[in-house]
Amino acid sequence: MRKYLVKRLLTGLLTIVIAFVINFLIINLAPGDPIKTLMGKESDDPVLRAALEEKYGLNKPLHIQFFSYLKTAMRGDLGISIIYNRPVADMIAEKLPATILLVLTSGVLSLIIGTAMGIVAARKEGTFIDVLFSGFSYILNSMPSFWLGLMLIIIFSTVLNILPTYGMNDARASYTGMAYVLDVIKHMILPVGTLVLIEIPMYYRIAKSSVLQVTNEDYILTLRATGMSEKKIFNKYIFRNAILPTVTIFGISLAYLITGVSLIETVFAWPGTGRLVLTAINQRDYPTLMGIYLIMSVSIAVVMIVVDIVYAILDPRIRY
Amino acid sequence: MIRTIVNDKQLLFGILGLIFLLLVAVLAPVIAPEDPYYYGPDVLNKLGENGHLLGTNKMGQDIFSMIIHGTRTSLKVAVISAFISGILGMLIGGVAGYFGGQVDRAISEFINIFMMLPTFFLILLIIALFGNSIYNVMVVIGITTWPSNAKLMRAQALSLRERTFVKAATAMGESRLQILFKYIIPNGVFPVIANTTVGMSNAILTEAGLSFLGLGDPNIISWGQMIYDGKAYLTSAWWIATFAGIAIVITVTIFYLLGDGLNHVMNPKRSKGKGV
Amino acid sequence: MDNVILDVRNFNVTYVNKYKKVYAVKDANFSINRGDSLGIVGESGSGKSTMAMALLRLLPEKSTEISGSAYFLGKDLVKLSEEELKKLRWKELSVVFQKSMNSLSPVHRIRTQVEDIYRVHNPKATREEIAERFIHLLKLVNLSDRVYNLYPHELSGGMLQRVSIAISLINNPKLLIMDEATTALDVVTQGQILDEVVKMEKEMDMTRIMITHDMSVVATSCNKVAVMYAGEIMELGYVKDVLKKPMHPYTKGLMASFPSLKGKKEKLQSIGGFLPDLSKKYEGCIFAPRCSSAMDICQKKPPVIEMENGRTVRCHLYGGER
């Protein structure tokens with residue numbers, strides 16, 4: 001088990017490094033640069049440019065830039081945003097909680113709902129419920145997340161007027177304590193709902209096929225031959241065996257959420273890191289971009305490692 | 001073969017749907033009531049107003065016509081990105097699976113690491129930085145989605161490698177590259193083809209996502225662009241964004257049906273309980 | 001009649017689906033006495049596994065039709081309710097299946113599964129009791145008690161098969177059905193396991209049905225044999241009788257296709273033709289198309305002819321009308 005852990009950690013680390021190198025290269029090799037934005041469109045003063053480049057270290061060769069960035073990043077300093085002139089780490093820290101709130105809530109809810117639906121459909125295969133759920137899942141799978149978000153806004157905010165359209169909380173009122181929490185929850189319903197609906201098909205498919213497959217395994221037949229109650233067979237043996245792929249899917253789902261949440265944050269004007277990324281891309285704010293990308297890669301790698309470890313705990317065959 | 005197609009409902013609807021899409025795309029100028037680029041006088045018309053079946057947008061473009069023409073864009077994006085992704089996946093996976101050993105280990109690690117990269121963000125980055133022409137979009141999607149195809153091809157290659165006809169070819173002195181291209185790839189390609197339909201669906205969704213973020217190609221009519229445009233008019237002119245989305249849902253569903261149908265045909269393992 | 005453990009009469013098993021019916025077992029009749037070991041031999045698709053699964057009612061209820069009777073300890077297995085069946089399952093009647101690599105849940109330890117299985121009929125048993133009992137069984141099948149705490153994938157095929165056998169014996173059942181239980185093993189392991197099983201049988205006063213396609217398994221470990229073809233029992237009798245003097249043409253064909261260790265080197269003979277389509281009903285003898293001794297009368301279905309010493313043959317060559 002220990003060997004497996006170490007191997008996983010090393011692979012994760014390698015992934016982060018490679019992701020980072022790719023990211024660094026792309027950003028720095030791309031056309032357009034932040035200095036231009038800072039200087040304004042008309043100015044082309046070489047002296048100003050040289051001074052600005054000096055200030056942000058952009059005049060040094062690429063590999064020196066790379067290593068100096070790495071060094072400071074390890075200390076927790078992700079540089080200064082060229083556009084906002086604030087420490088990137090601070091900016092990210094401000095927005096990150098909002099994003100984490102969305103990602104974790106959606107991730108867990110879609111896991112529970114999607115898996116439950118899949119299990120029910122598997123047990124009642126061929127019945128109306130199965131067909132209903134499967135059709136539902138199929139259609140949801142084909143929807144662009146942002147479009148679904150927009151449609152939900154039309155239905156619930158515009159037409160029915162029961163849920164707020166955007167933001168994380170009502171900026172005009174200043175709630176505190178419980179009222180604040182409730183307000184945030186009210187604002188969370190649509191974005192989380194959208195993300196959950198988009199993620200459900202993945203869990204549904206895997207849960208359903210896994211339960212069906214396990215139910216047809218030889219050991220289930222053996223257990224039936226022993227006279228064991230169907231309930232026990234299902235709850236202990238089918239469930240424990242069928243749940244394994246779901247764990248892997250949870251990792252993939254979280255990875256998808258971490259990157260795809262920016263679309264939803266845009267639709268709902270949710271103040272998270274997703275939107276920060278988009279403005280940074282448009283303004284070529286390198287330090288912010290790299291900082292966010294680094295955080296994103298690290299989180300995904302961590303999620304994957306944790307998922308793999310949990311899987312190894314649940315499935316003894318993997319550890320050896 | 002017709003019998004197989006008709007019997008499997010998903011494959012049937014998938015193929016019918018695909019034919020439908022192709023017809024719409026090819027016959028677009030004929031079917032669409034107006035030129036989608038025509039910035040007409042009827043601005044923000046509701047459904048059916050002034051003969052516009054699905055209304056118009058702020059620039060006076062007829063939504064219905066735009067949707068019809070958007071089919072071309074979506075199909076182009078789907079096919080070209082899936083094609084690039086498929087070719088890359090087949091080659092890389094085929095080499096890894098067939099050559100085995102160190103080569104396989106190195107390539108597999110590479111595939112795993114690549115799969116862990118946040119691809120959507122990578123695509124965002126590349127498009128934002130290198131320009132948002134539709135061709136960039138297609139190429140970028142293609143070069144970031146090959147890993148799943150590679151994994152499938154690799155698994156196929158690993159099992160094909162042990163087959164007698166491959167071993168016979170080796171014994172007869174055929175070079176490894178020859179065997180790779182003559183036997184391994186042609187025989188192992190079927191699951192990859194089924195997987196590319198999923199790739200096509202994802203390509204359409206990704207392109208839509210990029211357009212929605214303002215990173216799409218503004219010169220091309222695309223459903224994603226329409227949703228982007230429609231966002232600002234969500235409350236006043238909901239039809240701009242809605243129907244484009246429905247078009248996406250229908251198209252993506254068709255590709256999924258196709259993929260599922262192909263998978264069924266290739267693995268007709270329908271075991272419900274023990275047989276004789 | 002106290003000596004008869006299982007009495008099967010007019011037993012039929014038919015698979016039913018939307019398009020057709022498949023007559024997998026037709027009109028099977030046999031009985032087993034206490035202490036017997038009956039080998040049911042036949043090719044793949046002859047219906048032998050189906051018959052075993054049907055006796056235990058392990059086939060999907062919706063798509064299977066079973067008729068006839070199978071009296072086990074005075075109760076008709078065909079007519080029992082699920083509840084009553086559960087009381088018999090594993091306590092009086094247990095099974096060992098073939099593909100043992102997957103016969104136990106891979107994510108639970110063997111100990112866990114044994115405890116759960118034992119507690120089906122003995123809910124109040126403690127861990128220590130169960131462990132003691134099972135380890136005794138492990139000894140009987142020549143396995144170390146270390147096995148008890150392992151996961152299934154940590155054992156080899158042969159070891160798992162032995163574990164399956166041990167599990168099947170945990171409640172000291174009266175009747176044990178081994179369905180191709182040694183087919184997936186190498187010959188040496190197979191031989192060892194068969195020896196162990198025969199030894200155990202004597203110790204535990206157990207009766208066994210051995211389902212296999214391998215005549216040598218029957219020859220070494222069974223006292224009675226039933227030869228099945230296309231769902232029908234062609235010949236039935238004591239092993240020493242049938243093997244020495246096979247009567248049914250099919251049995252003769254089977255014997256001839258096994259090479260013998262001693263004697264001249266002869267060309268192996270196989271039985272020409274293919275298995276018939278089981279979804280059709282046949283007027284005459286179902287083996288007639290492949291039979292070298294077929295006569296005109298074989299167009300009519302041969303009755304089961306009873307001969308001496310418990311021997312039965314389903315063939316016109318031995319009686320019925322001429």
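# Reading strands, helices and contacts

User: How many bridges join strand β1 (residues 4-16) of chain C to strand β4 (residues 64-72) of chain C, and is the run parallel or antiparallel?

Analyst: Eight bridges join β1(C) to β4(C), and the two run antiparallel. The general idea: strands of a sheet pair through backbone hydrogen bonds, either parallel or antiparallel. Two strands pair here if DSSP finds at least two bridges between them. The elements themselves are DSSP runs numbered from the N terminus: helices are H or I with at least four residues, strands are E with at least two. For one position in this pairing, take V8(C), whose bridge partner in β4(C) is A70(C).

User: Before going on, what kind of model is this, and how are things numbered?

Analyst: This is a predicted model, where local features need pLDDT of at least 70 and side-chain atom pairs count only at pLDDT 80 or more, while totals for chains, interfaces and linings use all residues. Residues are numbered from 1 along each chain as its sequence is written, and chains are lettered from A and ligands numbered from 1 in the order in which they are written.

User: Back to the sheet: in which order do its four strands stand?

Analyst: The order is β2-β1-β4-β5 in chain C, an open sheet with antiparallel pairing. β2 (21-33) and β5 (75-76) of chain C are at the edges with a single partner strand each, so one side of each has no neighbour in the sheet. Helix α1 (residues 48-55) of chain C lies across β1, β2 and β4 of chain C, at about 70° to β2(C). Angles like that run from 0 to 180 degrees between N-to-C directions, with axes fitted as lines to C-alpha atoms, for helices over the stretch in contact.

User: Is strand β9 (residues 224-229) of chain C mostly covered or uncovered?

Analyst: First the rule: a residue is buried if 20 or more other C-beta atoms lie within 10 Å of its own, exposed if 12 or fewer, and partly exposed in between, with C-beta atoms placed from the backbone. β9(C) is mostly covered, with six of its six residues buried. K224(C), A226(C) and M228(C) point one way, and V225(C), V227(C) and Y229(C) point the other way.

User: Which strands are joined to β9(C) by bridges?

Analyst: Strand β3 (residues 37-41) of chain C is joined to β9(C) by four bridges, running parallel. Within that pair, V41(C) has V227(C) as its bridge partner. Strand β10 (residues 232-238) of chain C is joined to β9(C) by six bridges, running antiparallel, and there V225(C) stands opposite G237(C). β9(C) and β10(C) also make a hairpin with two residues between them, and A230(C) in the turn has a positive phi of about 45°.

User: What makes up chain A, helices or strands?

Analyst: Chain A has 13 helices and zero strands. Its C-alpha trace spans about 85 × 55 × 35 Å along the principal axes, and 39% of its 320 residues are buried. Chain B has twelve helices and zero strands, and 49% of its 276 residues count as buried.

User: At roughly what angle do helix α6 (residues 128-141) and helix α8 (residues 177-215) of chain A cross?

Analyst: Their axes come within 8 Å and cross at roughly 130°. Under 35 degrees counts as roughly parallel, over 145 as roughly antiparallel, 65 to 115 as roughly perpendicular and the rest as oblique. α6(A) and α8(A) are therefore oblique to each other. The crossing is left-handed, a word used when the near helix is turned anticlockwise from the far one by less than a right angle. Among the residues making the contact are F133(A) and L140(A) of α6(A) and I198(A) and Y204(A) of α8(A).

User: How many residues of chain B and chain A take part in their contact?

Analyst: Two residues are in contact if their C-beta atoms, placed from the backbone, lie within 7 Å. By that rule, chain B gives 33 residues and chain A gives 39 residues. Helices of chain B that each supply at least two residues include α10 (176-212) and α12 (239-266). The side of chain B has 24 nonpolar, seven polar and two charged residues. Nonpolar covers Ala, Val, Leu, Ile, Met, Phe, Trp, Tyr, Cys and Pro, charged covers Asp, Glu, Lys and Arg, and the others, Gly among them, are polar.

User: How many residues of chain C are in contact with chain A?

Analyst: 19 residues of chain C are in contact with 17 residues of chain A. Helix α3 (residues 110-121) of chain C gives the largest share of the chain C side, three residues. By class, that side has eleven nonpolar, four polar and four charged residues.
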